[in-house]
Amino acid sequence: AGAGPARRGAREPLAPVHLATCWSRLGRATGSELAHLRRGGGKRLEPLRRATHQSLRRLDAKGVATLAHALGRLRLCGGSETTQPWSELWEGLEEAALRCAARQTFTPQGLSNTAWSHAKAGRRAPALFDALAREAERQADGFNSRDHAITAWAFASAAHAAPSLFDAIAARAGAAPLLGQCSEQSLSNLAWAFATAGHEASELLD
């Protein structure tokens, strides 16, 4: 009789904060650890994938962005038979991200990470990119140089046209205080993104 509650508890969805903690840790994996997690189409992560899919609607914007970043790093994209179950999680993630964008609850870092993850994984999500572009443009003044560079890189990599967003990035990132804070990597990403998108930005790149 004593085992009943334990079994019932094991079937209860994980709390969003616990899911976010798990994915945050996975998003920091590198080298052999990352390769180990990817092996077999992410088979070792299957219980976590199922638990996350059940709880997507309970994740807040921070949790959604954390999950997006980790999935982008893992690149379990659903492109093969072994990774197909991950497509369902990506689709649910896109719906959750759209809700967060509509509610304007993403931070600048959350917006850039969500855009980056979908571009990195090769996910075609035009409705989501449109929503992220609108929200990123609205929050452009709150972005730091790294967030601008990551966002521009993501949209250019995804080949998703967002001229108004690129104008906002050029104006903001090209301002003297922020431009002086740009790392070489961020400057390189910005230059590549604007060139790839075919978007002129003389105030930023000259």
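**Around arginine 73**

Arginine 73 belongs to helix 5, which covers residues 61–74. Which residues does arginine 73 contact, apart from its neighbours within four places in sequence? They are Gly27, Arg28, Ala29, Thr30, Leu34, Arg38 and Trp116.

**How confident is the model?**

For the protein chain, the average pLDDT is 87, and 85% of the residues score at least 70. Residues 1–10 have a pLDDT below 50, and beyond near neighbours in sequence this stretch makes 0 contacts in the model. Where pLDDT is low, the predicted coordinates should not be read in detail.

**A walk along helix 9**

Now turn to helix 9, made of the 13 residues 145–157. From its first C-alpha to its last, helix 9 reaches 18 Å, close to the 18 Å expected at 1.5 Å a residue. At its N-terminal end sits a cap, asparagine 144, with a side-chain oxygen 3.1 Å from the backbone nitrogen of arginine 146. After the helix comes alanine 159, which has a positive phi, near 55 degrees.

Why can helix 9 be called largely enclosed by the rest of the structure? Because 10 of its 13 residues are buried. Among them are Ser145, Asp147, His148, Ile150 and Phe155.

The largest nonpolar core has 59 residues, and Phe155, together with Trp23 and Phe106, touches the most other members. Setting aside residues up to four places away in sequence, phenylalanine 155 touches Ala115, Phe129, Leu132, Ala133, His160, Ala162, Leu165 and Phe166. As a general background, nonpolar side chains tend to be buried together in soluble globular proteins.

What number of disulfides does a search of the whole structure find? The search finds 0.

| Residue | Relative accessibility | Class |
|---|---|---|
| Cysteine 22 | 33% | partly exposed |
| Cysteine 100 | 5% | buried |

Since buried means under 20% relative accessible area, cysteine 100 at 5% counts as buried, while cysteine 22 at 33% counts as partly exposed.

Note on methods
Residues are numbered from 1 along each chain as its sequence is written. This is a predicted model: local features need pLDDT of at least 70, side-chain atom pairs count only at pLDDT 80 or more; totals for chains, interfaces and linings use all residues. Side-chain values use heavy atoms; hydrogens and water are left out. pLDDT is the predictor's confidence in each residue, from 0 to 100. Contact means heavy atoms within 4.5 Å. Helices (H or I, at least four residues) and strands (E, at least two) are DSSP runs, numbered from the N terminus. The expected span of a helix is 1.5 Å times one less than its number of residues. Buried means under 20% relative accessible area, exposed over 50%, partly exposed in between (1.4 Å probe, protein chains only). A polar contact is a pair of N or O atoms within 3.5 Å; within protein, one must be able to donate a hydrogen and the other to accept it, and residues adjacent in sequence count only if both atoms are side-chain atoms. A nonpolar core is a set of buried Ala, Val, Leu, Ile, Met, Phe, Trp, Tyr and Cys residues joined through side-chain atoms within 4.5 Å. A disulfide is a pair of cysteine sulfur atoms within 2.5 Å.
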